[in-house]
Amino acid sequence: MIVAQDPTLQDFGHDPWWLIIAKIVAIFVFGLVMTLLGVWFERRVVARMAVRPGLNQAGPFGLLQTLADGLKGAFKEDIMPRTADKVVFFFAPTIAVICGFTALSVIPFGPMVSIFGHKTALQVTDVPVSVLLVFACSGMAVYGIVLGGWASGSTYPLLGGLRSSAQMISYEVSMGLSIVAVFMTAGSASTSQIVAAQRSGQPISFFGLDLTAPGWYAILLIPSFLIFCIAAVGETNRAPFDLPEAESELVAGYMTEYSSLKFLLFMMSEYVAMVGMSAMVTTLFLGGWRAPAPITTFWAGANSGWWPLLWITAKIVIMLFVFVWLRATLPRMRYDTFMRLGWRVLLPINLVWILVLAAIKVLREDVDSTSRNLILAGAIVAALLAALLWPSKKKPPAPTLEELAKSRPAGSFPLPPMDLQVPPSPRARRAVAEREPANVGAAPEGEQE
Amino acid sequence: MSLSPYVPIIGMFALAAGFAVMSVAIAPFLGPRRFNKAKLAAYECGIEPSPEPIGGGRVPVKFYLTAMLFIVFDIEIIFLYPWAVSFDSLGLFGFVEMLLFIGTVFIAYAYVWRRGGLDWD
Amino acid sequence: MEDLSLPKIDYAAVAPMLILFGVACVGVLFEGVLPKAARRVTQLVLALLGLVAALSVIVWQSDTRVLTAGGAVAIDGPTLFLQGAIIVLGIMALLLIGDRAMEHGGAFVAQAAITVGSEADRKQAVKEQGATEVYPLTVFAIAGMLLFVAANDLLTMFVALEVFSLPLYLLCALARRRRLLSQEAALKYFLLGAYASAFFLFGVALVYGFAGGVEFGTIHDSVTESTQSTVLLYAGLAMIAIGLLFKAAAAPFHVWTPDVYQGAPTPITGLMAACTKVAAFGGLLRVLYVGFDGVAWDYTPILGVVAVLTMLIGAVLAVTQTDIKRLLAYSSIANAGYLLVGVLALSKDGLSSTMFYLVAYGFTVIAAFGVVTLVRDADGEATHLSRWAGLGRRSPLYAGIFTFILLAFAGIPLTSGFIAKFAVFGAALDSGEAWLVVFGVVTSMLLAFPYLRVVVMMWLSEPGESTPTVSIPGGLTAAALVIGVVATLVLGVAPAPLLDLTTSAADFVR
């Protein structure tokens, strides 16, 4: 039986040049294909959730629709507004796409395999700070959006770009903090090492109980996982956080003045970023390319050879499904609630969680067990006391209708009687009765009957 | 032959850049060109277009505030990363130091929160 | 992974700084959680308690002579003496800052960001109390100064420089009256200060290139032993000196001083004139005496020229001033020149006399700005000199106090100014820097003229229509004034205890 071979950092940087190029091209094509299929997937899933058939014209299951749209878009007129800053307007769409693709280069897709006699990892490259590279790329991508909005020389795109930058930097803070817990647990900032660290659970003892901590950080570090997922949606400007392109307020946000291939590049960058973020979530929290737990128990070879490609693609698709699901389900947030969520909820929770995690780790390693139990008990008691004694702000009870009526100044308009019961209109009743067949099975109207 | 592990990142960057720049560069040649004055004006619906003033005009101050808060916390995060990676060898001392550091930044955070710096009207 | 070795920290020795940084942080927290009405008293008491606690730790630790925190901080005689001086002067400045008796809401604006002259601005000028953030900011600045005089390597010094500079830039912009002038002053100070910090940092980089380290001990060793080209060393030292001389307000890096002193709220001007000067010269002393003493022969002539220039510019331009705050600013520039004379003695006497001069000057200058806060009319402080005409008739007590202060500045015997000048000139003479002393004496006589002009104006003119009244000072300002005047007098009459103290403290550890 072949055992999965985890690459170490020393395994990178030894590929011959043709292998590097092959890998780069393969990942690039992977990104392109995932974009094309991602758009199709999104439109199909959203359609299904809205109980309509969705794409079904171009190609089998409408698979070629994205390609057709892309080709059509390429042959549309390329408009450059008169007030635009020509150079920046021209280059802004490229920035977002470049950043999206560059981030894909450090995603680990599998273990060591042999390609034409060369042992190499299924990963373009890995460096000790590769998570930071991804992070930097997602941060740089905002330049494309904000510059595109600014260079358009018109109001809606500028607002969209500004919103986008404020939104991205707000959520980048939460995202960056949630990675800290992963670094702390894995002891490394390289993607392949983080995947390797999620190989198996660590034994922990808790008040004398011996347990095995789960390997996946999604379970072990669940607050970080949730915050990272939320922040990832915010970073990629996806619904319900798609405020920069809120069509009800800003037309199309930063993309308003763009047309033709430039517009398509912006669209593409969004989907590439989505794929990249899904891959990042998979790598950091969902065990990377490793097969999920039940499969490995009856099939030991699942983590070796080329099979991991299947697992990671499946995980990415599942994450993409979550993105689409959110979009189909949730309404867009208001901007102030959105910013409040980022700064007032996610940030403090994250900081406290990091400190708690660090405290737990320090307790496990540097403190002997009796004093550890004492400290734990003390912490629990303190938390309970704090919860009990927390000064709860009691809102004054809302004034009743009678009080409101009494508080009106003298000489106000007369009020109708408060216990006035409006009898149901006989005409409305007839209309409902006539329309009855239309909503068979719906809840009965009018409780008064 | 062994290249630095950073080289493939540059390769990926170059490929993506080539693709993207090619796309925006050929766009004007693929599509038609039909001149129309309204088409080149800034997009606004219904009302007289009010183009962005020269030099960008005024931007609400809250964006600057958000940017400054971001810098504060981003720098905090930058300090947290190396600490997190070498957490095991730093141990209790590192924990206490980081507690102090985060605590200090948290005070500033509490101040900003209470004084309305996080309100987005 | 190799084990990281953790630096040993002598917590007792660095306790004053820790206390002040902690107090400042708690102050910021209080700003967030306390109701508006309770803030001022709480903040003032907290800040004063913190300063007193730090001062008592310094007194208790007065025999400590250690390098701690991995060699980054040196706690030795000059450090402790200067830290003590900064804290005492800081307490006086804090008393001035905290006073709200003369003006409704104090000397500080409530909302510095409101557009000047707008409706909201007029409303806040009448109704709102001053911002209470000034207390934590002041404590931050003072704590940074403590670290600055204790820093034993250039990087710590740079961090400390920023820590005490940034709050000062902010504080300068918070004046309640003449807000545009105040904001302009803050912006000038900030831009030039950032420039000077950049120079300092470049200098650190160059010196690092020469010495392979930023600790003063390492620099000292490589200055005496290294056989490398000394271009990096001299260029680096020059740039570091520019950064420090800027803070010390020495010519030709003095141009910010009059504008900033005039525009800043007067209590903050007092803080800058006293505490920043102590900190800047403390840093300069350590850099020149501990790090670069090996090249003393090379920098003495250049710094000597700077000192002469500073004294001349300060004295000559003081003669032409018509605004009392600008006059005091130029006087402060000239005093920076006298201090440089003491520094350039490059001896134990030079060190002790400079430290004595710093303390003596600090007490006097804070008292001077304290009097400036008192002379007011309906538009706030009346700083134009013509308005001071006849003040002696209106209010003999405060005119008398101010006369005494001016005489101390001029270096008349029986005031601390005389003893201080005598000490630095004596130290310079002993070290053979007679030419500096000649310039010092000449400019002192020159500088006496503008002081005496003010005195004559106050006493010998008839009070006119526009002569403002002198407000009755609140308890805090009165306390600061009494401390300043008594110290000026006592140091002039019986300077021996403080002179002994400076002499016994005048030993750097390396």
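Predicted model: local features only at pLDDT ≥ 70, side-chain atom pairs only at ≥ 80, totals over all residues.
View 1. Residue numbers start from 1 along each chain as its sequence is written, while chains are lettered from A and ligands numbered from 1 in the order in which they are written.

**View 2. Chain B against chain A.** Two pairs of chains are in contact, and A and B share the most contacts. Here 72 residues of chain A meet 60 residues of chain B. On the chain B side, helix 1 (7–30), helix 2 (61–85) and helix 3 (87–114) each put in at least two residues; helices are DSSP runs of H or I with at least four residues, strands are runs of E with at least two, and both are numbered from the N terminus. Helix 1 of chain B gives the largest share of that side, 15 residues. Sorted by class, the chain B side holds 43 nonpolar, nine polar and eight charged residues. For the classes, Ala, Val, Leu, Ile, Met, Phe, Trp, Tyr, Cys and Pro are nonpolar, Asp, Glu, Lys and Arg are charged, and the others, Gly among them, are polar.

**View 3. Chain C against chain B.** Eleven residues of chain B are in contact with ten of chain C.

**View 4. The largest nonpolar core, around C:L20.** A nonpolar core is a set of buried Ala, Val, Leu, Ile, Met, Phe, Trp, Tyr and Cys residues joined through C-beta atoms within 7 Å, with buried meaning 20 or more other C-beta atoms within 10 Å of a residue's own, again placed from the backbone. The largest one has 202 residues, and C:L20, C:I86 and C:C172 have the most contacts inside it. Helix 14 of chain C (348–374) supplies its largest share, 17 residues. Beyond neighbours within four places in sequence, C:L20 contacts C:G50, C:A54, C:V139, C:I142, C:A143 and C:L146.

View 5. Three strands make an open antiparallel sheet, in the order 4-3-5; strands pair when DSSP finds at least two bridges between them. Strand 4 (380–381) and strand 5 (469–470) are the edges, each pairing on one side only. Strand 3 (375–377) runs antiparallel to strand 5 over two bridges, and C:V375 has C:V470 as its bridge partner in strand 5.

Key:
Buried ≥ 20, exposed ≤ 12 C-beta atoms within 10 Å, placed from the backbone. Contact = placed C-beta atoms within 7 Å.
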